[in-house]
Amino acid sequence: MLAYTYIEKGKFALVEKPKPVLIELTDAIVRVTMGSICTSDLHIKHGSVPRAVPGITVGHEMVGVVEEIGSKVTNVKPGDRVTVNVETFCGECFFCKMAL
(Lines give C-alpha, C1' and ligand atoms only; values in the text may rest on other atoms or scores of the structure.)
Protein backbone atom coordinates (compact mmCIF):
# COMPACT_ATOMS: atom_id res chain seq x y z
CA MET A 1 0.00 0.00 0.00
CA LEU A 2 1.11 3.56 -0.53
CA ALA A 3 1.67 5.66 2.58
CA TYR A 4 2.56 9.33 2.91
CA THR A 5 5.95 9.15 4.59
CA TYR A 6 8.37 11.56 6.24
CA ILE A 7 11.69 11.22 4.41
CA GLU A 8 13.79 14.02 5.89
CA LYS A 9 13.35 17.61 7.08
CA GLY A 10 11.24 19.33 4.43
CA LYS A 11 10.54 16.20 2.40
CA PHE A 12 7.65 13.72 2.22
CA ALA A 13 6.95 11.01 -0.36
CA LEU A 14 4.44 8.29 -1.17
CA VAL A 15 6.21 5.07 -0.21
CA GLU A 16 5.14 1.45 -0.70
CA LYS A 17 4.70 -0.15 2.73
CA PRO A 18 3.31 -3.50 3.92
CA LYS A 19 -0.42 -3.65 4.57
CA PRO A 20 -1.10 -3.37 8.32
CA VAL A 21 -2.21 -6.43 10.27
CA LEU A 22 -4.33 -6.76 13.38
CA ILE A 23 -2.17 -7.07 16.49
CA GLU A 24 -4.50 -6.46 19.43
CA LEU A 25 -8.03 -7.85 19.77
CA THR A 26 -9.23 -4.23 19.96
CA ASP A 27 -7.59 -3.17 16.67
CA ALA A 28 -9.33 -2.20 13.47
CA ILE A 29 -7.86 -1.69 10.02
CA VAL A 30 -9.30 1.23 8.05
CA ARG A 31 -8.75 1.73 4.32
CA VAL A 32 -8.22 5.48 4.04
CA THR A 33 -10.32 7.09 1.31
CA MET A 34 -9.53 10.73 2.12
CA GLY A 35 -7.06 12.42 4.42
CA SER A 36 -6.18 15.94 5.39
CA ILE A 37 -3.05 17.80 6.31
CA CYS A 38 -3.02 19.64 9.61
CA THR A 39 -0.48 21.78 11.40
CA SER A 40 1.05 18.71 13.10
CA ASP A 41 2.13 17.46 9.68
CA LEU A 42 3.65 20.86 8.95
CA HIS A 43 5.54 20.72 12.27
CA ILE A 44 6.94 17.34 11.20
CA LYS A 45 7.89 18.78 7.80
CA HIS A 46 9.91 21.50 9.51
CA GLY A 47 11.66 19.05 11.86
CA SER A 48 9.91 20.30 15.00
CA VAL A 49 8.62 16.92 16.27
CA PRO A 50 11.40 14.82 17.85
CA ARG A 51 9.46 11.53 17.61
CA ALA A 52 8.87 11.98 13.87
CA VAL A 53 11.82 10.08 12.47
CA PRO A 54 12.49 9.40 8.79
CA GLY A 55 10.27 6.56 7.54
CA ILE A 56 7.30 7.35 9.78
CA THR A 57 3.88 7.43 8.12
CA VAL A 58 2.26 10.83 8.64
CA GLY A 59 -1.33 11.98 8.71
CA HIS A 60 -3.81 11.39 11.50
CA GLU A 61 -7.04 12.99 10.30
CA MET A 62 -8.87 10.85 7.77
CA VAL A 63 -12.04 9.11 6.67
CA GLY A 64 -12.24 5.58 5.37
CA VAL A 65 -13.87 2.18 5.36
CA VAL A 66 -13.35 -0.48 8.03
CA GLU A 67 -11.62 -3.46 6.39
CA GLU A 68 -10.97 -5.76 9.38
CA ILE A 69 -11.69 -5.78 13.10
CA GLY A 70 -10.31 -7.62 16.10
CA SER A 71 -12.62 -9.95 18.03
CA LYS A 72 -13.17 -7.39 20.84
CA VAL A 73 -14.27 -4.56 18.53
CA THR A 74 -18.01 -4.08 18.96
CA ASN A 75 -18.84 -0.56 17.77
CA VAL A 76 -17.87 -0.87 14.08
CA LYS A 77 -17.88 -3.66 11.51
CA PRO A 78 -16.22 -4.23 8.13
CA GLY A 79 -17.80 -1.98 5.51
CA ASP A 80 -18.64 0.84 7.95
CA ARG A 81 -17.50 4.33 6.91
CA VAL A 82 -15.63 6.00 9.76
CA THR A 83 -13.69 9.12 10.66
CA VAL A 84 -10.35 8.76 12.40
CA ASN A 85 -8.36 11.25 14.44
CA VAL A 86 -5.30 9.64 15.96
CA GLU A 87 -3.35 11.94 18.25
CA THR A 88 0.03 11.13 19.77
CA PHE A 89 2.03 13.53 21.82
CA CYS A 90 5.77 13.43 22.49
CA GLY A 91 5.67 15.73 25.51
CA GLU A 92 9.13 17.00 24.54
CA CYS A 93 8.82 19.36 21.59
CA PHE A 94 8.10 23.09 21.75
CA PHE A 95 4.43 22.57 20.83
CA CYS A 96 3.79 19.91 23.50
CA LYS A 97 5.56 21.99 26.15
CA MET A 98 3.49 25.07 25.26
CA ALA A 99 0.27 23.03 25.67
CA LEU A 100 1.13 21.92 29.23
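Trainee: What volume does the largest pocket have?

Mentor: In this predicted model, the volume of the largest pocket is about 1,500 Å³.

Trainee: How many residues line the largest pocket, and which lie nearest its centre?

Mentor: The lining has 45 residues, and Thr57, Val58, Gly59, His60 and Met62 are those nearest the centre. The elements that contribute two or more residues to this lining are β1 (2-8), β3 (28-36), α1 (39-45), β4 (61-69) and α2 (94-99).

Trainee: Which element gives the largest share of the lining?

Mentor: That is β3, with 7 residues.

Trainee: And what is the lining of the largest pocket like by class?

Mentor: It has 27 nonpolar residues, together with 9 polar and 9 charged ones.

Trainee: Changing topic, which residues form the largest nonpolar core?

Mentor: There are 5 of them: Tyr6, Phe12, Ile44, Ala52 and Val58. Val58 is also among the residues nearest the centre of the largest pocket.

Trainee: What does valine 58 touch, leaving out residues up to four places away in sequence?

Mentor: Valine 58 touches Tyr4, Tyr6, Phe12, Asp41 and Ile44.

Trainee: Now threonine 5. Where does threonine 5 lie?

Mentor: Threonine 5 is in strand β1.

Trainee: Is threonine 5 buried or exposed, and why?

Mentor: Threonine 5 counts as buried because its relative accessible area is 2%, and buried means under 20%.

Trainee: Which residues does threonine 5 touch, again not counting those up to four places away in sequence?

Mentor: Threonine 5 touches Lys11, Phe12, Ala13, Val15, Lys17, Gly55, Ile56 and Thr57.

Technical notes. Residues are numbered from 1 along each chain as its sequence is written. This is a predicted model: local features need pLDDT of at least 70, side-chain atom pairs count only at pLDDT 80 or more; totals for chains, interfaces and linings use all residues. Side-chain values use heavy atoms; hydrogens and water are left out. On a 1 Å grid over the protein atoms alone, a cavity is a set of points where a 1.4 Å probe fits but cannot get out, and a pocket is an open set with protein on both sides within 12 Å along at least five of seven lines; lining residues have an atom within 4 Å of a point. Grid points are joined across faces, edges and corners, and a volume is the space filled by probe spheres set on the points. Helices (H or I, at least four residues) and strands (E, at least two) are DSSP runs, numbered from the N terminus. Ala, Val, Leu, Ile, Met, Phe, Trp, Tyr, Cys and Pro count as nonpolar, Asp, Glu, Lys and Arg as charged, and the others, Gly among them, as polar. A nonpolar core is a set of buried Ala, Val, Leu, Ile, Met, Phe, Trp, Tyr and Cys residues joined through side-chain atoms within 4.5 Å. Buried means under 20% relative accessible area, exposed over 50%, partly exposed in between (1.4 Å probe, protein chains only). Contact means heavy atoms within 4.5 Å.
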